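Me: I would like to go through this structure step by step. Please keep the answers plain and give the cut-offs as we go.

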Amino acid sequence: SAAEKGGHEYFMLKEIEEQPEALANTLRGHFVNGRIVLDEQRMSDQDLRDVDKVFVIACGSSYHAGLVAKYAIEHWCRLPVEVELASEFRYRDPVLDRDTLVVAISQSGETADTLEAVRHAREQKARVLAICNTNGAQIPRESDAVLYTHAGPEIGVASTKAFLAQIVANYLVGLALAQARGTKYPDEVAREFAELEAMPDAVSRVLTTVERVRALGRELADSKAVLFLGRHVGFPVALEGALKLKELAYMHAEGFAAGELKHGPIALIEEGLPVVVVMPSPKGRAVLHSKLVSNISEIQARGARTIVIAEEGDETVRPFADHLIEIPAVPTLLQPLVSTVPLQVLAAEIARSRGYDVDKPRNLAKSVTVE
Ligand code: G6P
């Protein structure tokens with residue numbers, strides 16, 4: 001009923017709007033007496049200090065959350081981080097030992113490939129930490145430690161609030177590692193945590209643009225394909241934006257690393273093709289920002305319809321943006337928490353305009369427990 005959906009036509013829109021709360025709930029209780037604490041940590045500080053390599057394994061949107069985590073963990077902890085699709089990892093011979101930390105991300109905690117990847121890692125004595133949204137699910141039960149996301153139950157098949165909560169949970173893991181390894185001073189860890197605590201409000205700000213993004217979605221409903229470009233943490237956001245559109249609107253959509261534009265994707269640009277560009281902050285990553293500005297001008301010159309997600313007040317992109325979607329200024333590593341939100345809304349609204357069931361897309365299951 002409409003009441004269950006919080007007055008919305010579909011659960012996904014309700015869940016998109018619950019994201020500030022999902023983030024606040026996931027952060028709550030994890031900073032105590034000036035230190036990051038993870039729940040149910042059956043791993044000691046010494047175990048965390050001994051970690052010399054991190055693997056992140058997941059499927060679907062959870063894999064994209066893992067890709068985002070790589071940028072933060074490498075930067076904060078100076079540890080090598082590999083992000084792997086669970087379905088690939090489990091059939092390879094990844095090089096692991098007891099000092100390898102495997103982070104398994106799964107909203108449901110029941111995805112068959114992720115579960116098998118956890119078993120594969122544990123057989124090689126790696127320590128596994130699960131990031132999971134479902135209490136007592138199989139993946140956390142078979143892991144050495146678990147950090148729960150508190151996004152609440154997610155009904156929409158396409159992940160939204162669980163995805164943002166997974167990013168935040170990964171960041172808590174990164175900060176816990178940095179704290180144990182001493183690659184960040186306690187005051188720096190405290191400052192990073194405070195930045196995370198400001199994110200629920202930043203996401204609420206993005207939500208004020210929902211109606212405008214929905215209107216854009218209705219305009220794009222007849223498109224044949226949509227491309228997504230991003231760099232740095234904006235690259236996994238582009239992948240996630242494309243995945244949402246495939247899942248919900250059954251539209252051909254691809255996410256690309258903007259630096260690869262000249263290595264192929266630019267050949268796809270034709271008159272009227274919508275291209276969504278996720279811009280980095282002009283202050284945070286000035287070099288990347290100027291490279292992306294030139295990418296947008298190139299694709300616009302070739303006739304693409306540019307949809308630009310950029311920081312509020314970023315005037316340099318205006319001349320190249322056929323549609324501008326503004327997001328609040330936040331630290332670079334945290335930008336996916338705001339830039340993903342309009343892409344979720346866009347995909348849902350395009351799907352709705354095309355007459356599809358946003359909450360139950362064809363052929364997809366919320367949790368893929370059979371292979
Ligand atoms: C399915 C869902 C996705 C989800 C993926 C991984 O494909 O439709 O939304 O990201 O499974 O699920 P998990 O529960 O392991 O995060």
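Me: Which residues does glutamine 138 touch, not counting residues up to four places away in sequence?
Reply: Glutamine 138 touches Gly109, Glu110 and Leu115; contact requires C-beta atoms, placed from the backbone, within 7 Å. This is a predicted model, in which local features need pLDDT of at least 70, side-chain atom pairs count only at pLDDT 80 or more, and totals for chains, interfaces and linings use all residues. Residues are numbered from 1 along each chain as its sequence is written.

Me: Where is glutamine 138 placed?
Reply: Glutamine 138 is in helix α7 (residues 138-141). Helices (H or I, at least four residues) and strands (E, at least two) are DSSP runs, numbered from the N terminus.

Me: Why does glutamine 138 count as buried?
Reply: Glutamine 138 counts as buried because it has 20 C-beta neighbours inside 10 Å. The classes are buried for 20 or more other C-beta atoms within 10 Å of the residue's own, exposed for 12 or fewer, and partly exposed in between, with C-beta atoms placed from the backbone.

Me: How far apart are glutamine 138 and threonine 111 in space?
Reply: Their C-alpha atoms are 8.9 Å apart, and 27 residues separate them in sequence.

Me: On to the ligand. Which residues come nearest?
Reply: Gly60, Ser61, Ser106, Ser108 and Thr111 come nearest, out of 16 residues around the ligand. A residue is near if its C-beta atom, placed from the backbone, lies within 6 Å of the molecule.

Me: Which helix gives the most to that shell?
Reply: Helix α4 (residues 60-77) does, with three residues. By type, the shell has five nonpolar, ten polar and one charged residue. Here Ala, Val, Leu, Ile, Met, Phe, Trp, Tyr, Cys and Pro count as nonpolar, Asp, Glu, Lys and Arg as charged, and the others, Gly among them, as polar.

Me: What does α4 lie across?
Reply: Helix α4 lies across β3, β4 and β5 (100-106), at about 160 degrees to β3. Axes are lines fitted to C-alpha atoms, for helices over the stretch in contact, and angles run from 0 to 180 degrees between N-to-C directions. Helix α8 (residues 161-181) also packs on the sheet, touching β5, β6 (127-132) and β7.

Me: What is the strand order in the sheet with β4 and β7?
Reply: The order is β4-β3-β5-β6-β7, an open sheet with parallel pairing; two strands pair if DSSP finds at least two bridges between them. The edge strands, each pairing on one side only, are β4 (81-85) and β7 (145-148).

Me: And β5, how many of its residues are buried?
Reply: Seven of the seven residues of β5 are buried, so this strand is largely enclosed by the rest of the structure. Thr100, Val102, Ala104 and Ser106 point one way, whereas Leu101, Val103 and Ile105 point the other way. Strand β5 pairs with β3 over five bridges, where valine 56 stands opposite valine 103. Six bridges join β5 to β6, and isoleucine 105 has isoleucine 131 as its partner there.

Me: Changing topic: which strands form the sheet that contains β8?
Reply: That open sheet is β9-β8-β10-β11-β12, with parallel pairing. Helix α12 (residues 234-249) lies across β8, β9 and β10.

Me: Last one. Which residues of α10 are buried?
Reply: In helix α10 (residues 199-207), Met199, Pro200, Ala202, Val203 and Val206 are buried. They cover an arc of only 160 degrees around the axis, which puts them on the same side of α10; the arc is that of the directions from the helix axis to the C-beta atoms. Their cover includes α2 (19-27), α9 (186-197), β12 (323-327) and α14 (336-353).

Technical notes
Two residues are in contact if their C-beta atoms, placed from the backbone, lie within 7 Å.
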